[in-house]
Amino acid sequence: MTAGYTESRISYMENPEKSELKEKLFNLLNREALKRGEFTLSSGKTSNYYLDGRLITLSPEGAYLVAGIILQMLEGNKIDAVGGPTLGADPITGALAAVSYLKECPVKTFIVRKQAKEHGTKQQVEGPALKKGDRVVLVDDVATSGKAILEAKQALDRLGVIAEKAIVIVDRNQGAAQNLAKAGIELESIFKIADFGL
């Protein structure tokens, strides 16, 4: 690897504008993750498109872009950690932890299992320990009904951990914001599905 290449990559990582990151992420999502056709969703409903967030969050560029944007969205929020439901949040939280460390503003992260594991520590919430009264932000790749985020919040409620905000890459505008609002969670999204002409 040449010195010039290394320097250009480092400067790319320093402090890009949120609008620049969003433009790159939008193009990546549109090109790699958004599939048009007939799809059956986990809810059983059919859709004329499918957005596979993991194709983005598990790619080097996508992971960096998502983490960089979310870190900027978190500025000014007094929080103790960021996490969310497995599997959508897993690569997002890993990227957030790494990028926040590189930017010298380390963020503690966690993952919420669908249910507590039956062996070892038998925890449902994995990662550096959260304590009662901690304030956290939940993340996920795509929000449809918000069910996975709500289930993660319920697990945190049992620990006395406070979750009042969620951030997703794309809101499908199919009830997630309203469902989460009823549970006291404000939903923010990097994009709305309408941004993609759907």
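1. Start with R113: at 32% relative accessibility it counts as partly exposed, where buried means under 20% relative accessible area, exposed over 50% and partly exposed in between (1.4 Å probe, protein chains only). The side chain of R113 meets that of E126 in a salt bridge (2.9 Å, N to O), that is, a side-chain nitrogen of Lys or Arg within 4 Å of a carboxyl oxygen of Asp or Glu.

2. A word on the source: this is a predicted model, where local features need pLDDT of at least 70 and side-chain atom pairs count only at pLDDT 80 or more, while totals for chains, interfaces and linings use all residues. Residues are numbered from 1 along each chain as its sequence is written, and side-chain values use heavy atoms, leaving out hydrogens and water.

3. Now look at D141 and R54, whose side chains also form a salt bridge (2.9 Å, N to O). D141 lies in strand β6 (residues 135–143) and R54 in helix α3 (residues 54–57), so this pair ties together parts that are 87 residues apart in sequence. Helices (H or I, at least four residues) and strands (E, at least two) are DSSP runs, numbered from the N terminus. D141 is buried at 5%, and R54 is partly exposed at 29%.

4. Finally, the rings: the whole structure has four aromatic pairs. The rings of F191 and F196 have centres 5.7 Å apart and planes at 70°, so they are edge-to-face. Rings of Phe, Tyr and Trp (its six-membered ring) pair if their centres lie within 6.5 Å; planes under 30 degrees apart count as stacked, over 60 as edge-to-face and the rest as tilted. Ring pairs join F26, F191 and F196 into a cluster.
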